[in-house]
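Okay, thanks everyone, let's get going.

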Amino acid sequence: MSSVTIRAIKKKYGSTAVLHGIDLDIRDQEFVVLVGPSGCGKSTLLRMIAGLETVSSGEIFIGDRVVNDVPAKARDIAMVFQNYALYPHMSVYENMSFSLRLRKQVKEVIDRKVREAASILNLTSFLDRSPRQLSGGQRQRVAMGRALVRDAQVFLFDEPLSNLDAKLRVVMRTEIKALHQRLKTTSVYVTHDQIEAMTMADRIVVMNAGRIEQIGTPLQLYDTPANLFVADFIGSPSMNILPGTIGTQDGATWVEIADGLRLPVPATYAALAGQKVVFGIRPEHTLLADAATGIPLEVEVVEPTGANIQVYAKVGGAHLCAIFTDRHEFRPGDTIHLAFPEAKIHLFDASSGARI
Amino acid sequence: MSRKLSRSLLYWVLLSPLVVVILFPFGVMFVTAIRPREEIFAYPPTWGFSEFRWSNFAEMWTKTNFGGALMNSLYVSVLSTAIALLLAIPAAYAMSRYRFAGKGLYRNFLLMTQMMSPIVLVLGLFRLMMALGLVNNLNSLVVTYAAFNLAFTIWMLQSYFNSIPRDLEEAAWIDGASHLTSLVRIFLPLAVPAIAVAAIFTFINSWNEFVLALTLMRSSEDFTLPVQIYAQVAGRYQVEWHHVMAGTVLATVPVAIVFSWLQRYLIRGMALGAVK
Amino acid sequence: MQKSIPLLMIVPSLLMAMVIIGYPVFDLAWTSTQEVSRFGKLTGFVGWDNFAEVFADPLFWASLWRTGIWTFFVVVGTLAISFPVAIILNDEFYGRGLARVIIMLPWSLSLTMTAVVWRWALNGRAGLLNATLMDVGIIDQPVEWLATAGTAFTVEILIGILVSIPFTTTILLGGLSAMPQDTYEAAMVDGASGWHQFRYITLPLMKPFINIAIVLNVIYVFNSLPIIWVMTEGGPANGTDILVTYLYKLAFRFGQLGEAAAISLIMFGVLLMFTLLYVALVSRGEQDAAPEADKEG
């Protein structure tokens, strides 16, 4: 078990910079998820921790030692690949025992460890099969079994669930999380799916274009996103984003998003009157109101998911999404009124995107 | 009649002229090879033959030193294939797995060598072999065939290697294998089919090559099969065609059989490979 | 150490290719400017004299002309036959496996063997081609196919086409089997007939493969010695000589190595020009249909 420390890591391919200076402290036994859109550099960072990519500048520590120049095989890490990377010419048993055979362990020890891992992952009946004969979910488990057998200090996961269908993904997510609770190995997990991040992580690292946008627990990111990018990325459907200007008069403070359309905001923002901002409210936090206190919107599309109703509506030039758990009979063209509780409002500076 | 059946009949009718023309020489070969000598020059010529004169083959074997030429061909083909593979496998691996300075140059160089036919260069090659003292030495053919087959072999191996996922070797490194171990225990077993196909193609190319063998081998005991058979025909007043045909039967049928089994991999290789 | 691994891996093959293939090129260039004795001794620099002699030689021009005809008809003929054959073989039908095997057969034979067998089959007196044609009633007298340059050359061209078909068909099949199925389905829904589909989808997508087939075939056919050599040795009376056979005779029969070297260079130059011109023509205003299946880094 060990911590992983990333100091001022930069990465260039030729003249193209992919990582612009990453600092990250992953504690022992922590499950950290690196999440972000394609191309943000999360996989590159993971592969650098693994030793599969070189470091352009900066340092990577595993535990107390600097591992920049340590080859992958000596770093005592295990990795689960996106495409599983199972050795096609070996059986499941041989796949899982390969690393131990390389280290010339005693046959009985190898056998015990492989069978232990297999029973944890429900693979015992598959030990003699070849990867070809397994389904996607089973292959994924073999890939994890291969990592488990290692007793490594750090587990790395490179988008392991992206090739599975939706239902299987949900099942495997829980299994991986349960495994981590049981084994308590430091884990770094890469995904582009923010739901995976939210459900599995102790802490999430949101990355964008080679930089870290925010690090925090799932709820920290959800409740207090540090900037527009994080606010938009975390949560599905995404937060409603409405550009406007702060105005204040006679003790009331608001954000004006269109002619005459004013959204009330807490009085603490009164001092910033005149500033161009972005008003954010999550769809699940909107409330139905009456014509007097609420903002009128015209319903465009209604999507019932069974668990809730997602209503897409517009006002002025802006589009909003609202989610309700009660059954409402909304039709396209109807007018509804929404209110936004002050505790759930987020304001961001319009030019920098930073939270205000 | 089902659509597929009527379509099949149509296709076979369309293909039949080509099929006939292709099979015709094989028919000629067989018939002439098993015919009694007297019937070969019968006039007017017919396809009929009175008996299976298998002894033609035995006669041909001794009279034309077929065995000797066969050994020469085997020696040259096997050795040149081995050398070509030995040099091509690492090169193809490097081209497939690494990014390095000069990669583009190297690829263009290989393309250029494919463009140069050994026949145009035959004069220069002859002088090179003279300078190296290798004329009349089968090793000159070994070395030349290996060199000229390099580009095609590297190209073919590289495109197969590209289809072996890179993360298999990465997983092996993480599992604790050195680069060499992962190459030998993970990569090579998966590359074996591709290597086998490349080996057989190089072998067939060397086996069938004519011009260089004709030019570089001066004495008949060093002839390879194609040259030996040609020698039975060239410049002779009286050609023993039944022997010649028996020779071609023995020289070509095994290769044709192996090739027939192999040809589907060629198509796959062409589809996989890079199109300029 | 890391950086040099891939270089180490390519060095052996690079060296071998440079020596065996590169050296003769330079040697030829050098020899072509020398006076050369019968036995290969270079006896003095003569500048362009060898080339001048070559250009003054009527047999050279005749061979050059004939090489053009030979290359053109073989390549065009091969393409014209291989395309429909590839289309047929790409479709599913009973006995397709067998058909593919048969069509590929000529590739497995060495050119020499093929030529030897055909030489026998074309024999004026006892050849089985005459026998078959007479049996079928196409001719009533045996024909001396190889006796006159005209018929001999024609026959050689036909055989050249025959042996080039497997290779070209393979290339085209490779392209056809990579055709995206859904493009055709979209076209069918849009109302395109079979002919339209061929003209507007198949042909454009096949262009890279057709181009490769043309370039490779031109190179091979231009340089192809065995067929003509075995069947007529460029005769009768240099009547079927192409550049390669003429060059071969000059070098190894008449000992005129200087001129032979000059012709080799000329041939190489012609081919290089053709390839460069063709590639330039083709790549102007055209994107590759299939991107390189190369993984970098």
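One definition before anything else: two strands count as paired here if DSSP finds at least two bridges between them. Helices (H or I, at least four residues) and strands (E, at least two) are DSSP runs, numbered from the N terminus.

Ground rules, quickly. This is a predicted model, with local features needing pLDDT of at least 70 and side-chain atom pairs counting only at pLDDT 80 or more, while totals for chains, interfaces and linings use all residues. Residues are numbered from 1 along each chain as its sequence is written, chains are lettered from A and ligands numbered from 1 in the order in which they are written, and side-chain values use heavy atoms, with hydrogens and water left out.

Look across from A:Val205 and you'll find A:Ile215 in β10(A). The two strands make a hairpin with two residues between them, and in that turn A:Ala209 has a positive phi, about 50 degrees.

Staying in chain A, there's a salt bridge from A:Asp111 to A:Arg115, closest N and O 3.2 Å apart. By salt bridge I mean a side-chain nitrogen of Lys or Arg within 4 Å of a carboxyl oxygen of Asp or Glu. Why are those two about one helical turn apart? Because they sit four residues apart in helix α3 (107-120) of chain A. Over all chains, the search of the whole structure gives 16 salt bridges.

Now, who touches whom? Contact means heavy atoms within 4.5 Å. Chains A and C don't touch, with their nearest C-alpha atoms 9 Å apart.

Take C and B. The contact involves 101 residues of chain C and 103 of chain B. Together they bury about 9500 Å², and carbon and sulfur atoms give 75% of that. Buried area, by the way, is the accessible area (1.4 Å probe) that two parts lose on being put together, summed over both. There are two salt bridges between these chains; B:Arg127 and C:Asp27 meet in one, at 2.7 Å, N to O. Helix α1 (4-31) of chain C gives the largest share of the side of chain C that touches chain B, 20 residues.

While we're in chain C, have a look at helix α3 (58-90). Its 33 residues reach 47 Å from first C-alpha to last, close to the 48 Å expected, where the expected span is 1.5 Å times one less than the number of residues. At its start, a side-chain oxygen of C:Asp57 comes within 2.9 Å of the backbone nitrogen of C:Leu59.

Last stop, B against A. Here 17 residues of chain B contact 24 of chain A. The buried area is about 1700 Å², 65% of it from carbon and sulfur atoms.

On the chain B side, α8 (166-174) and α9 (179-208) each supply at least two residues, and α8(B) gives the most, with seven.

Note on methods. A polar contact is a pair of N or O atoms within 3.5 Å; within protein, one must be able to donate a hydrogen and the other to accept it, and residues adjacent in sequence count only if both atoms are side-chain atoms.
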